[in-house]
Amino acid sequence: MIIERDFSRFVVFAQDSILNALNKISDNRAKIIFAVTESGILRGVVTDGDFRRWLTSSNEIDMRAPVSEVMNADFHSAHLDSDPHVLSE
């Protein structure tokens, strides 16, 4: 397995626009991006599904709004070295 070294295609700042995040999702074709603080701390994830749910539940759609309004801050993460058996629990 080859791990991508340039993660910039998969990362936005939590205050970046929703449009910027959606463009990154389209460009990286992984259907996911990660929202981080300016210090690089992971704050949330955003998937195609998160955007769809936001679109269908919003009364007013502002693509300039921060991606933090769309991101899922209740995510699970694991270190790359994590035991796969622990992850499935």
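Two strands pair if DSSP finds at least two bridges between them. Keep that in mind for the hairpin below; the legends that follow describe a predicted model.

**View 1. Strands β2 and β3 come together in a hairpin**. Strand β2 covers residues 32–36, and its pairing with β3 is antiparallel, with five bridges. Look for Phe34 and then for Val45 in β3, because two strands pair through bridges: these two residues are bridge partners. Five residues sit between the strands, and Gly40, found in the turn, has a positive phi of about 90°.

**View 2. The whole protein, to get your bearings.** Here you can pick out three helices and three strands. Starting from the N terminus, the order of the elements is β-α-β-β-α-α. A box of roughly 45 × 30 × 25 Å, taken along the principal axes, holds the C-alpha atoms. The protein has 89 residues, and 24% of them count as buried. Its accessible surface is about 6,800 Å², with 52% of that belonging to carbon and sulfur atoms. Among contacts with a separation of 6 or more, 46% join residues 24 or more positions apart. As for charge, there are 9 positive and 14 negative side chains, and the centres of the two sets are 6 Å apart.

**View 3. Helix α2 and the elements it packs against**. Which residues of helix α2 are buried? Within this helix, residues 48–57, they are Gly49, Asp50, Phe51 and Trp54. Their packing partners are α1 (18–28) and β3 (42–47).

View 4. Is Asp50 buried or exposed? Asp50 has a relative accessible area of 10%, so it is buried. Its side chain reaches a polar contact with the side chain of Arg53, at 2.9 Å. Setting aside neighbours within four places in sequence, you will find Asp50 in contact with Val45, Val70 and Asn72.

**View 5. Leu22 in helix α1**. With a relative accessible area of 26%, Leu22 is partly exposed, because that class lies between under 20% for buried and over 50% for exposed. Apart from neighbours within four places in sequence, Leu22 is in contact with Phe51 and Met63. Phe51 is one of the buried residues of α2. Now find Arg53: it is 31 residues from Leu22 in sequence, and their C-alpha atoms are 13 Å apart.

**View 6. Arg29 and Lys31 in the loop between α1 and β2**. What is phi of Arg29 near? It is near 60°, a positive value in a residue other than glycine. Lys31 also has a positive phi, near 65°, and is likewise not a glycine. Arg29 is exposed, with a relative accessible area of 74%, and Lys31 is exposed as well, at 52%.

**View 7. Ser88, in the segment after α3**. Helix α3 spans residues 84–87, and Ser88 belongs to the segment that follows. Ser88 has a relative accessible area of 62%, so it counts as exposed. For a sense of distance, find Val36 too: Ser88 and Val36 are 52 residues apart along the chain, and their C-alpha atoms are separated by 25 Å.

How values were computed. Residues numbered from 1 in each chain as written. Predicted model: local features only at pLDDT ≥ 70, side-chain atom pairs only at ≥ 80, totals over all residues. Heavy atoms only, no water. Buried < 20%, exposed > 50% of the residue type's maximum accessible area, 1.4 Å probe, protein only. Helix = DSSP H or I, 4+ residues; strand = E, 2+ residues; numbered from the N terminus. Contact = heavy atoms within 4.5 Å. Areas by Shrake-Rupley, 256 points an atom, 1.4 Å probe, with all protein chains shown as cover. Lys, Arg positive; Asp, Glu negative; His and termini not counted. Charge placed at Lys NZ, Arg CZ, Asp CG, Glu CD. Polar contact = N/O pair within 3.5 Å; in protein donor to acceptor, adjacent residues only side chain to side chain.
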